[in-house]
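Hi,

Here is the structure I promised to pass on.

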Amino acid sequence: MKKNELILNNNEISKVDIIYKDIREKIINARSKMLKQIDTTMTEVYWYVGKITSELFNNTDNGTYGKKIVEALSQKLTSEFGSGFSPVSIRRMRRFYEYYPKWSAVPTELSWSHFKELIRIDRKEEREFYEQESIKSNWGYRELGRQINTKLYDRYLISPDRWRK
């Protein structure tokens with residue numbers, strides 16, 4: 001027998017398995033919560049970037065000036081923080097802010113990937129429909145994109161069941 005080798009009987013092995021499964025579940029849940037919190041925090045950062053750039057565009061008479069600022073901001077943010085701050089991404093953040101001007105009204109059940117899908121939708125009622133369905137049905141962003149691309153909202157509008165509620 002080796003110096004650090006553990007010898008357990010069947011009853012002890014069974015107890016270790018129960019304890020292990022309990023601890024494993026806690027770790028998995030903690031990691032999931034942590035990732036959700038990180039995503040919510042980054043979504044708030046993107047909302048803030050959208051707020052700042054929206055105010056910049058609204059307070060300048062010259063759209064070219066605002067575009068130059070976004071380009072320069074993109075270069076600086078990308079050089080320090082890596083990808084995710086391209087001019088296209090920053091414009092997406094601005095649109096996110098313009099659709100959700102109050103952070104307190106942003107549904108934190110949804111991820112940034114969900115919002116990237118939602119802000120492609122111009123009609124407010126349609127966007128709200130998909131937002132609510134995503135939360136209610138616990139859709140991932142890929143499923144949300146699929147539902148948008150297959151025009152679920154338009155099919156819902158013409159559905160006779162809609163009017164029976």
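Predicted model: local features only at pLDDT ≥ 70, side-chain atom pairs only at ≥ 80, totals over all residues.

Below is what turned up, residue by residue.

Residues are numbered from 1 along each chain as its sequence is written, and side-chain values use heavy atoms, with hydrogens and water left out.

Let's start with H114. You'll find H114 in helix 4, residues 112–118 (helices are DSSP runs of H or I with at least four residues, numbered from the N terminus). H114 is buried, at 7% relative accessible area (buried is under 20%, exposed over 50% and partly exposed in between, with a 1.4 Å probe and protein chains only). Leaving out residues up to four places away in sequence, H114 touches S134, W139, G140, Y141 and L144, where contact means heavy atoms within 4.5 Å.

Most residues other than glycine have a negative phi. N138, though, has a positive phi, near 55 degrees. N138 sits in the loop between helix 5 (124–137) and helix 6 (141–149), and N138 is exposed, with a relative accessible area of 69%.

K151 also has a positive phi, near 60 degrees. Its place is the loop between helix 6 and helix 7 (152–158), and K151 is partly exposed, at 46% relative accessible area.

Cheers

How values were computed
Helix = DSSP H or I, 4+ residues; strand = E, 2+ residues; numbered from the N terminus.
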